[in-house]
Amino acid sequence: MALNYIWIALFALGFLVGVVKLFLGDYEALPAMMDSTFEMSKDGFEMCLGLTGTLTLWMGLMKIGEDSGLIRRLASFLSPVLTRLFPEIPKGHPALGAIFMNISANMLGLDNAATPMGLKAMQELQSINPKKDTASNSMIMFLTLNTSGITIIPISIMAYRAKAGAADPTDVFIPLLLTSLCSTIVGLIVCSIFQRINLINRYILLMFAVIATFVAALFTAIIGMDNEQMQHFCRVLTSIMILGAIMIFIYSGWRKKLNVYNSFIEGAKGGFQVAVNLIPYVVAILVAVGIFRASGGLQMLQHLVESGVEAIGLNSDFVGALPVALMKPLSGPGARGMMLENFAHFGPDSFIGHLSSVLQGCTDTTFYILAVYFGSVGIKKYRYSVKCGLTADFAGMIAAVFFSYFFFG
């Protein structure tokens with residue numbers, strides 16, 4: 001129900017702001033809102049169709065992984081951790097392997113690969129969900145880990161900073177890693193409280209130790225590199241990860257003497273249908289966000305917060321990046337646009353430019369993920385998933401401001 005109220009509020013507040021502006025003599029707000037409905041509808045439709053090719057590829061590869069037993073072996077290897085975070089999932093179920101692949105892709109900044117794997121994981125989770133219209137505990141835990149958005153290699157943000165002319169596009173690497181880690185830990189804790197999961201056990205602690213070791217090794221590898229070397233290193237590493245995963249899937253099928261091509265085709269057939277099913281959910285959230293933004297409501301909220309912060313005597317420098325923070329849970333492209341606007345206005349190496357970069361990568365698009373992932377399997381009752389996702393978002397935003405002041409203030 002929370003998403004229902006938020007969706008209605010975005011329309012209502014946007015319309016109210018537009019009407020008030022009309023009476024004040026601003027005749028552009030309402031037409032801009034109307035134009036936004038058409039533009040966002042078109043963008044949502046094109047976004048879903050644009051996802052079709054990626055969905056087809058990765059759903060085909062996941063089918064090879066299922067038929068060859070690769071996903072089952074991955075799930076077995078990781079079962080000590082995953083079965084404690086997802087106690088409802090039967091041991092050895094394919095959902096565990098899909099969840100692992102999705103989280104791994106997110107951590108490496110491979111968004112195009114992460115979404116199809118996430119949708120596949122949701123299909124597997126729905127197959128064991130006793131209430132088909134209601135989110136299960138496992139679904140909510142999975143989406144909380146997705147929305148918290150832990151990222152080890154923020155390649156896209158570094159690329160945008162480089163394009164904007166940043167002196168060191170990679171200087172947000174450590175702050176981004178720390179903030180996304182904070183949001184993930186908070187989201188995991190909150191979701192575990194709702195589900196009464198005990199996180200204090202050796203397997204989960206070992207998982208965090210492994211992540212910390214990997215991060216330390218990665219940082220050791222890149223320290224001392226100049227900007228160009230860093231960009232090449234990240235691009236090569238990302239390419240190795242994606243192509244390596246594809247080759248592992250194909251090899252696993254060949255080794256099991258499968259007809260790998262036919263297995264791929266069988267799995268890929270579902271890619272188009274999944275993309276089509278997403279269209280109404282994506283259009284719904286993008287149109288609501290577009291109307292609120294076009295009305296000027298987002299800018300008014302920013303000025304209100306700035307006045308309140310200054311009234312209590314605190315530094316309000318961070319408020320200039322607030323639109324990125326407010327837009328991020330609602331729309332990834334919208335938040336990215338806000339970040340690029342701040343680059344153009346303040347510069348990518350300004351405090352606002354750095355903070356905008358960290359805010360862009362500290363969490364993922366909560367409402368978009370909820371709409372897409374739940375919509376793909378027909379979930380209508382979200383339960384406490386919005387609370388968990390927004391709590392992780394809020395923690396990430398606070399951490400982003402703190403670490404940005406620490407590193408760039």
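Visitor: Is the crossing in which H4 passes H6 left-handed or right-handed?
Guide: H4 passes H6 in a left-handed crossing. Please bear in mind that this is a predicted model.

Visitor: At what angle do H4 and H6 pack?
Guide: Helix H4, residues 94-107, packs with H6 at an angle of about 15 degrees, and their axes are 10 Å apart. That angle makes H4 roughly parallel to H6, since angles under 35 degrees count as roughly parallel.

Visitor: Which residues of H4 and H6 meet?
Guide: From H4 come Ile99, Asn102, Ile103 and Asn106, and from H6 come Phe142, Leu145 and Asn146. Sorted by class, the contact of H4 with H6 has four nonpolar residues, three polar ones and no charged ones.

Visitor: How do H6 and H8 pack, then?
Guide: Helix H6 spans residues 137-148 and helix H8 spans residues 173-195; the angle is about 165 degrees, and the axes lie 8 Å apart. H6 and H8 are therefore roughly antiparallel to each other, as angles over 145 degrees count that way. H6 passes H8 in a right-handed crossing.

Visitor: Which residues in H6 meet H8?
Guide: On the H6 side they are Asn137, Ile140, Met141, Thr144, Leu145 and Ser148. Their counterparts in H8 are Ser180, Ser183, Thr184, Gly187, Leu188, Cys191, Ser192 and Gln195. By class, the contact of H6 with H8 has five nonpolar, nine polar and no charged residues.

Visitor: Changing topic: how many helices and strands does the chain have?
Guide: The chain has 18 helices and zero strands.

Visitor: And what is the radius of gyration of the chain?
Guide: The chain has a radius of gyration of 22 Å, which agrees with the value near 22 Å that a compact globule of 409 residues would have. Its C-alpha atoms fill a box of roughly 70 × 50 × 40 Å along the principal axes.

Visitor: What share of the residues is buried?
Guide: Buried residues account for 53% of the 409 residues in the chain. As for contacts between residues at least 6 apart in sequence, 79% join residues at least 24 apart.

Visitor: What is Tyr281 in contact with, leaving aside neighbours within four places in sequence?
Guide: Tyr281 is in contact with Ala371, Gly375 and Gly378. Tyr281 and Phe374 are 93 residues apart in sequence, and their C-alpha atoms are 9.1 Å apart in space.

Key: Residues are numbered from 1 along each chain as its sequence is written. This is a predicted model: local features need pLDDT of at least 70, side-chain atom pairs count only at pLDDT 80 or more; totals for chains, interfaces and linings use all residues. Side-chain values use heavy atoms; hydrogens and water are left out. Axes are lines fitted to C-alpha atoms, for helices over the stretch in contact, and angles run from 0 to 180 degrees between N-to-C directions. Helices (H or I, at least four residues) and strands (E, at least two) are DSSP runs, numbered from the N terminus. Angles under 35 degrees count as roughly parallel, over 145 as roughly antiparallel, 65 to 115 as roughly perpendicular and the rest as oblique. A crossing is left-handed if the near helix is turned anticlockwise from the far one by less than a right angle, and right-handed if clockwise. Contact means heavy atoms within 4.5 Å. Ala, Val, Leu, Ile, Met, Phe, Trp, Tyr, Cys and Pro count as nonpolar, Asp, Glu, Lys and Arg as charged, and the others, Gly among them, as polar. The radius of gyration is taken over C-alpha atoms; the globule rule is 2.2 Å times the number of residues to the power 0.38. Buried means under 20% relative accessible area, exposed over 50%, partly exposed in between (1.4 Å probe, protein chains only).
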